[in-house]
Amino acid sequence: FCYNIANITGGTAASGFAVSGENAVINQCHNYVAVTATAVDAFAVDFTNITITSAYYCSDFMSSVNGAPADKEWFSCGYVALLLNRSNDNNFWAQDELYPVFGSDSMQGYVLPFGGEGSIISPYIISTENELRLARILVNTEESWAAKSYKLGADIYVSNPETANNFAPFGSMGNVFKGTFDGDGHTISGINLYSSANDVAL
């Protein structure tokens, strides 16, 4: 279990965790920083027989051979914390404002921030921008979530409305949304979607 939130700059080689070695294991980690050097990796450079599992790096800051890419949205809305906790039995990770952190006894066990069960009778209740973003990521990346039921629990303002495409749509042509979304009298404002393609919507 580890995470790195300090920018790293090197000459020949630099990494968020280790530069060289052999027969190493890196597990349950994330790298939410920029690493700069001639040879760069989010987790390890110049290793022999290294095993890297459940390791994520922020693709907005760098690219990496090792680890799985996740953008800032995945980090800030809690999806990376959810993925990290799914890969262990301890639900060790909690969610900070920008990225997953080690959870105290009162904070750890980040699973889902919204209440409900995802059924028509008991839909997931979405009350914040991050919850809306997390629900959309789950719908777009995991097929089972595309058939769940969701309901707004509050008015939601999506940040940075002056930025084009500040929110990606629910579902896609390859993974269509098949569930229910109940606004329950609330509004979602601030979304700025622009595309020349067909099938653009919330």
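Helices (H or I, at least four residues) and strands (E, at least two) are DSSP runs, numbered from the N terminus. The model described here is predicted: local features need pLDDT of at least 70, side-chain atom pairs count only at pLDDT 80 or more, and totals for chains, interfaces and linings use all residues. Residues are numbered from 1 along each chain as its sequence is written, and side-chain values use heavy atoms, with hydrogens and water left out.

## The largest pocket

On a 1 Å grid over the protein atoms alone, a pocket is an open set of points with protein on both sides within 12 Å along at least five of seven lines, where a cavity is a set of points where a 1.4 Å probe fits but cannot get out; lining residues have an atom within 4 Å of a point. Grid points are joined across faces, edges and corners, and a volume is the space filled by probe spheres set on the points.

The largest pocket has a volume of about 190 Å³. Its lining consists of Glu73, Ser76, Glu129, Asn130, Arg133, Ser159, Asn160, Thr163 and Asn166. Two or more of these residues come from each of helix 1 (72-77) and helix 3 (129-141). Helix 3 gives the largest share, 3 residues. By class, the lining holds 6 polar and 3 charged residues, and no nonpolar ones. Here Ala, Val, Leu, Ile, Met, Phe, Trp, Tyr, Cys and Pro count as nonpolar, Asp, Glu, Lys and Arg as charged, and the others, Gly among them, as polar.

## Cysteines

A disulfide is a pair of cysteine sulfur atoms within 2.5 Å. The structure holds 1 disulfide. Cys2 is joined to Cys29, with S to S at 2.1 Å. This pair links distant parts of the chain: Cys2 lies in strand 1 (residues 2-4) and Cys29 in strand 5 (residues 25-31), 27 residues apart. The torsion about the S-S bond is about 80°, so the disulfide is right-handed.

Buried means under 20% relative accessible area, exposed over 50%, partly exposed in between (1.4 Å probe, protein chains only).

| Residue | Relative accessible area | Class |
|---|---|---|
| Cys29 | 1% | buried |
| Cys58 | 0% | buried |
| Cys77 | 3% | buried |

Two strands pair if DSSP finds at least two bridges between them. An open sheet is formed by 3 strands in the order 13-14-16, with parallel pairing. Strand 13 (124-126) and strand 16 (180-182) stand at the edges with a single partner strand each, so one side of each is left without a neighbour in the sheet. Strand 13 is joined to strand 14 (residues 149-152) by 3 bridges. Ile126 has Leu152, in strand 14, as its bridge partner.
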